[in-house]
Amino acid sequence: MDDFGYPRPQLVRADWTNLNGTWEFAYDDALLYSDPRDDISWDRSITVPYPPESSASGIGDTGFHSVCWYRLAFPLPMDRRGQRTILHFGAVDYLAKVWVNGELVAQHEGGHTPFSADITEALDADEQQVIVLRAEDDPADLAKPRGKQDWQLEPHSIWYPRTTGIWQTVWLEPVGATYIKSLRWTPVFEGFEIGCEILAAGDLKSGLTVEVKVSHGGKLLADDLYMLVGQEANRKIALSDPGIDDSRNELLWSPERPTLLDAELTLRAGDQVLDRVRSYTALRSVSINRDRFMLNGRPYHLRLVLDQGYWTDTIMTAPNDAALRKDVELAKAMGFNGVRKHQKIEDPRYLYWADRLGLMVWEEMPSCYAFSPRAVSRMVREWTEAIERDYSHPCIIVWVPYNESWGVPNLTAMQAHRNAVEALYHLTRVLDANRPVIGNDGWEASATDILGIHDYDADPHKLGARYAVSDPATTLFDRRRPGGRILTLDGFPHRGQPIVLTEFGGIAFDPRAPAHHTWGYSRANTATAFEDSYRALLHVVNETAMFSGFCYTQFADTFQETNGLLNADRSPKIPLELISSATRNVPQ
């Protein structure tokens with residue numbers, strides 16, 4: 001199972017062990033077990049990292065199961081004795097407890113973010129080690145971040161099969177007694193600088209230094225040496241600014257020219273090398289200027305597609321790394337310059353390919369559906385971890401904590417619900433002051449840097465007329481109700497922020513399936529009708545001066561939803577060049 005790629009692409013060590021593959025597996029519907037020393041009935045095997053609901057896992061059980069157990073015996077290579085060993089889980093849905101050789105080493109709550117444990121002290125002198133994981137994921141719990149995972153037995157409407165337990169890569173990493181634990185990059189476009197924050201862990205002796213080399217195309221751009229204060233170093237790396245745009249653009253990241261800067265960091269105590277990692281970053285800025293989204297200081301029109309990030313046989317887990325790369329390539333081939341990853345914190349390997357190939361990403365927090373202090377607390381914790389994980393990816397341009405008032409259904413009436421959105425907005429701005437934030441996408445906006453509107457009117461003439469208004473503050477925001485909802489809450493009038501049509505379209509087309517078995521916002525019965533409808537809608541939204549961009553629903557068919565531009569297997573419903581020309585509003 002080595003075809004998933006290096007799981008943490010912005011902090012890379014040469015030595016690591018992929019633990020994906022066949023694990024022992026057991027359901028615990030009766031809640032009989034609490035400890036790996038219990039007499040667990042290991043009556044199945046599962047292929048990790050595919051969830052047990054998926055056919056690729058070898059189990060394919062989509063029923064209700066609130067607890068499951070995993071076990072793996074593995075050898076620890078002799079050449080790793082004397083080093084520290086870190087065990088990593090990319091994502092486990094939802095509540096995880098991990099034992100190594102019977103010793104509890106980790107507990108984690110949150111189904112979309114990674115966690116790790118230093119398991120050195122739990123390892124046996126024997127070569128054979130045993131990992132046991134218990135995953136608890138109540139299918140009926142609507143007060144936890146779950147995104148599009150259905151709470152009904154069978155997927156309905158716009159919700160999909162559940163994902164339980166391990167669904168991203170599990171891996172081991174040997175490190176020295178003192179090592180680089182985390183790394184964070186912040187581009188400073190105005191000063192042509194790169195902020196670099198390094199956190200060390202382990203035996204933190206005095207006098208530690210870190211050397212940072214930044215290069216592009218084999219040319220060394222910076223070679224700096226910093227002393228760690230305590231366990232961290234926080235510095236800005238100045239690059240030579242040529243001043244003129246033509247020369248500047250050679251170093252700037254954009255979808256059209258996704259320039260990445262390679263980095264190597266070496267941790268030392270005197271002349272002794274303690275750790276060495278590889279990374280990458282990019283120089284780019286995203287900001288808001290009046291009613292326009294700005295990329296690298298210039299207005300930039302957003303052409304996004306909504307991407308659910310599901311596959312038929314593997315559900316939320318990608319089939320492999322090549323599938324993630326293919327999805328990025330297909331989005332670009334269809335004429336889009338970005339995606340809105342909907343209700344999912346995507347695998348870091350997707351973000352790696354988006355960084356490398358040039359595709360902007362809106363990252364959105366998977367929703368809870370019930371409102372309570374506990375639900376908000378869970379949202380805050382997991383959203384904080386997601387931002388920490390993905391902060392350094394240049395492809396990410398916008399953060400979206402809430403979507404369509406899910407989890408805060410009474411925004412117009414209850415102050416506590418409004419407080420939750422405003423709190424998450426301001427928390428996000430604190431955790432990352434350099435990217436725009438949409439507090440609640442779709443409607444009922446309060447604290448937000450971009451006003452996102454969801455409007456699935458299938459008539460392009462009506463859609464165009466609705467937004468071709470000279471006085472949006474009065475006409476659009478006070479009198480019209482796209483989606484049947486008010487666009488802004490009382491006390492939060494439109495202040496001139498960019499307006500983006502963040503959901504529209506959703507044309508269902510699947511000649512292979514009966515209409516009553518599929519779902520979409522409108523329907524086409526032939527490929528020609530599908531193309532004509534798509535082209536007409538895209539012409540309108542491209543020509544509407546009010547919009548700073550758009551996000552079409554959606555990238556690919558997803559289970560019963562057949563409103564994708566691609567089939568579920570990623571084959572195009574009409575030729576890619578026709579989709580691309582319509583997306584870019586280029587006549588055929």
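Helices H6 and H8 are roughly parallel to each other, because angles under 35 degrees count as such. Their packing angle is about 10°, with the axes 9 Å apart; axes are lines fitted to C-alpha atoms, for helices over the stretch in contact, and angles run from 0 to 180 degrees between N-to-C directions. This is a predicted model, in which local features need pLDDT of at least 70 and side-chain atom pairs count only at pLDDT 80 or more, while totals for chains, interfaces and linings use all residues. Residues are numbered from 1 along each chain as its sequence is written, and side-chain values use heavy atoms, without hydrogens and water.

**Helix contact**
- H6 covers residues 460-467 and H8 covers residues 527-543.
- Pro-460, Leu-463 and Gly-464 of H6 meet Ala-536, Leu-537, Val-540 and Val-541 of H8 (contact means heavy atoms within 4.5 Å).
- The residues of this contact are six nonpolar, one polar and no charged; Ala, Val, Leu, Ile, Met, Phe, Trp, Tyr, Cys and Pro count as nonpolar, Asp, Glu, Lys and Arg as charged, and the others, Gly among them, as polar.

**Whole chain**
- The chain has nine helices and 33 strands, taken as DSSP runs numbered from the N terminus (helices: H or I, at least four residues; strands: E, at least two).
- For 588 residues a compact globule would have a radius of gyration near 25 Å, and the 24 Å of the chain agrees with this; the radius is taken over C-alpha atoms, and the rule is 2.2 Å times the number of residues to the power 0.38.
- The C-alpha trace spans about 75 × 65 × 50 Å along its principal axes.

**Largest pocket**
- The volume of the largest pocket is about 1,300 Å³.
- On a 1 Å grid over the protein atoms alone, a pocket is an open set of points where a 1.4 Å probe fits, with protein on both sides within 12 Å along at least five of seven lines.
- Grid points are joined across faces, edges and corners, and a volume is the space filled by probe spheres set on the points.
- Its lining (residues with an atom within 4 Å of a point) divides into 19 nonpolar, 13 polar and 14 charged residues.
- Elements that each supply at least two lining residues include strand S13 (178-188) and helix H4 (373-390).

**Backbone details**
- A cis peptide bond, with omega about 10°, joins Asp-93 and Tyr-94.
- Another cis peptide bond joins Thr-553 and Gln-554, with omega about 5°.
- Ser-157, in the loop between strands S10 (128-136) and S11 (165-166), has a positive phi near 50°.

Key: Parallel < 35°, antiparallel > 145°, perpendicular 65-115°, else oblique.
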